[in-house]
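Please look over the sequence and the structure below before reading on.

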Amino acid sequence: MTEKRSRDSAVSSTGDIWSSDEFQEYGDWILNWISHYFSNPQEYPVLAKVQPGEIRKRLPQHPPNRSEPMENVWSDFQSVILPGITHWNHPGFMAYFGITGSQPGILAETLSAALNVNGMLWKASPAATELEEVTLDWLRQLLGLPSRFWGVIQDTASLSSLVAMIAARQTIPGVRDEGLCGRSDLPPLRYYISQEAHSSIEKAGIVLGIGRKGVCSIPSDKNFRMDTRLLEKSIRADLDQGIRPFAVVATAGTTSTTSVDPLDRIAEICRRYKLWFHVDAAYAGAAALLPEKRELFKGWERADSIVVNPHKWLFCPIDLSVLYCRKPQVIREALSLVPAYLETPEADEVVNFMDYGVALGRRFRSLKLWFVLRTFGREGLQTRLQEHIRLAQQFSRWVGRSTLFRRMAPTPFSTVCFRLEPRSLKATPHKMTPATLDKLNETLLRNVNASGEIFISSTRLRGRTILRLAIGNIRTDERYLRRTCEILEAEAKRLLK
Ligand SMILES: *Cc1c(COP(=O)(O)O)cnc(C)c1O
């Protein structure tokens with residue numbers, strides 16, 4: 001009936017797999033491990049040193065038939081899985097956007113997993129819905145947004161922006177019932193983004209059924225901000241051709257350079273042409289917590305919708321993205337579809353969050369935001385954001401002074417774009433064409449990342465390869481930044497020899 005395991009306890013064939021003592025013991029192993037890991041993340045190489053397929057090869061091809069002891073699972077986690085982990089918690093992680101899961105956020109995630117509620121309906125767990133309403137209103141206040149903005153949590157910014165664009169598209173007559181296919185009464189639809197907009201905004205066009213042609217990319221100015229003169233020109237030209245513009249997406253903190261589009265001017269254009277105004281502030285939105293950065297966001301209060309990702313720069317474990325919307329009823333009109341098995345008597349008095357997204361099931365994500373906002377407090381969040389910005393500015397100045405590197409974009413937040421471009425090209429044996437410099441920077445990137453001490457990433461700006469250093473990790477400090485400069489400089493000198 002039961003079988004003996006290596007430990008004395010018996011595994012029951014029904015009910016919980018572990019006794020509560022075992023659960024407690026394994027929980028202690030894991031919490032102890034995490035706690036040690038957070039104190040010493042640099043014990044691991046920041047970038048996983050494995051080849052494609054290597055981890056898969058070390059895992060059994062077939063699932064286990066019989067219960068395995070936790071000792072084995074835990075030991076394989078350490079010996080098989082960990083070597084294939086890129087350590088986002090490592091202080092040298094400065095690629096993409098550095099992020100921090102934060103201790104309170106992680107414990108809240110554990111509780112959320114334990115409660116295992118699906119917050120699709122208010123009734124499905126009233127606290128999940130009401131805590132989401134309250135925490136998102138707190139966050140709204142912290143960001144300095146007016147009270148007309150109402151928030152809903154989505155998993156990622158990609159989904160938040162998709163939902164925003166679904167709401168924008170709802171302004172097209174008959175779209176919900178008739179769809180877009182085969183309609184002779186509809187002109188081609190179009191929305192506008194900057195050249196520097198995130199790929200998710202273009203992807204939304206594919207999902208919405210307006211095609212990539214339905215998303216018009218507007219060139220950016222020398223500081224990588226949307227050229228609003230060209231925006232207006234494109235809208236006019238499209239109107240003349242019988243195309244129907246319906247939205248503009250501005251970015252506050254683009255992914256490559258963190259440039260901020262001229263939000264105020266774009267808001268004005270949207271008002272004039274009656275277009276939905278969406279602001280993608282997935283990364284940089286958090287900086288609106290800082291009074292000294294508010295000015296950069298001027299105009300976003302005029303948006304119809306805004307996305308901010310607390311999982312990027314507000315110390316919440318991935319995933320948690322917030323979509324703020326001035327007209328949530330439009331999202332609801334576009335997406336609400338209530339089957340009989342989900343009808344509830346209090347539907348008119350409460351928010352049923354399933355009405356404001358694509359997915360039905362929803363994790364209890366607001367719990368981690370609540371833990372983070374309360375344990376850090378406004379001031380605790382502000383001082384950490386300020387420190388990240390200070391470190392990035394320091395790095396930016398170092399690049400400015402260096403005779404080897406050049407800064408390639410302004411640094412409004414905590415992300416620095418730069419590249420190896422020696423001041424005195426004569427000092428190098430090769431003639432440096434832009435293409436050779438690209439190659440050189442790609443090699444430099446590969447080599448510094450192979451060090452295992454730092455991980456930075458790259459992007460392309462105006463066709464050229466650029467390196468990117470992004471600080472958003474609570475554990476990155478001045479010491480690590482100095483080490484980063486040393487590694488970069490030593491490797492650059494070695495390459496130029
Ligand atoms: C990171 C980022 C996104 C995508 O975020 P996900 O949550 O991963 O979908 C979108 N826009 C901007 C500006 C970003 O920085």
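Predicted model: local features only at pLDDT ≥ 70, side-chain atom pairs only at ≥ 80, totals over all residues.

Arginine 190 stands opposite proline 245, a residue of strand 6.

**Pairing and burial of strand 4**

- Strand 4, which covers residues 189–194, is joined by 4 bridges to strand 6, residues 244–251, and these two strands run parallel.
- Strand 4 is also joined to strand 5, residues 215–218, by 4 bridges, and here again the strands run parallel, with tyrosine 191 standing opposite valine 215 of strand 5.
- Because 6 of the 6 residues of strand 4 are buried, the strand is largely enclosed by the rest of the structure.
- Leu189, Tyr191 and Ile193 point one way from strand 4, while Arg190, Tyr192 and Ser194 point the other way, and the residues of both groups are all buried.
- Together with helix 8, residues 199–208, strand 4 and strand 5 make a β-α-β unit that is right-handed.

**The ligand and lysine 312**

- The ligand is surrounded by 15 residues, of which the closest are Ala157, Ser158, Asp280, Asn309 and Lys312.
- A backbone N or O atom of alanine 157 lies 2.7 Å from an oxygen atom of the ligand, and a polar side-chain atom of aspartate 280 lies 2.6 Å from a nitrogen atom of the ligand.
- For threonine 255, an N or O atom in the side chain is 3.3 Å from an oxygen atom of the ligand.
- The UniProt record, in an unreviewed entry, lists Lys312 for "modified residue: N6-(pyridoxal phosphate)lysine".
- Lysine 312 is found in helix 11, residues 310–313, and lysine 312 counts as buried because its relative accessible area is 18%, where buried means under 20%.
- Leaving aside neighbours within four places in sequence, lysine 312 is in contact with Phe97, Gly98, Ile99, Ala282 and Tyr283.

- Strand 7, residues 276–280, is joined by 3 bridges to strand 8, and the two run parallel, with valine 279 standing opposite isoleucine 306 of strand 8.
- On strand 8, residues 305–308, Ser305 and Val307 point one way and Ile306 and Val308 the other way, and all of these residues are buried.
- Strand 8 pairs with strand 9, residues 321–325, in the antiparallel sense over 4 bridges, and in this pairing isoleucine 306 stands opposite tyrosine 324 of strand 9.

**Contacts of two single residues**

- Tryptophan 138 is found in helix 5, residues 126–143, and is classed as partly exposed because its relative accessible area is 33%.
- Not counting residues up to four places away in sequence, tryptophan 138 touches Trp370, Leu373 and Arg374.
- Although tryptophan 138 and leucine 373 are 235 residues apart along the chain, their C-alpha atoms are separated by 8.5 Å.
- Threonine 411 is found in the loop between strand 10, residues 405–407, and strand 11, residues 415–420, and is buried, with a relative accessible area of 10%.
- Leaving aside neighbours within four places in sequence, threonine 411 is in contact with Gln393, Ser396 and Val416.

**Backbone features in loops**

- A cis peptide bond, with omega about 10°, joins isoleucine 318 and aspartate 319, and aspartate 319 is found in the loop between helix 11 and strand 9.
- Asparagine 116 has a phi near 55°, a positive value in a residue other than glycine, and lies in the loop between helix 4, residues 103–115, and helix 5.
- With a relative accessible area of 63%, asparagine 116 is exposed.
- Phenylalanine 224 has a phi near 65°, which is likewise a positive value in a residue other than glycine, and its place is in the loop between strand 5 and helix 9, residues 228–240.
- With a relative accessible area of 5%, phenylalanine 224 is buried.

Methods. Residues numbered from 1 in each chain as written. Heavy atoms only, no water. Buried < 20%, exposed > 50% of the residue type's maximum accessible area, 1.4 Å probe, protein only. Contact = heavy atoms within 4.5 Å. Pairing = 2+ DSSP bridges. Right-handed = clockwise from strand over helix to strand, strands pointing away. UniProt positions renumbered as here; feature names shortened; annotations may be inferred. Near = heavy atom within 4 Å. Polar contact = N/O pair within 3.5 Å; in protein donor to acceptor, adjacent residues only side chain to side chain.
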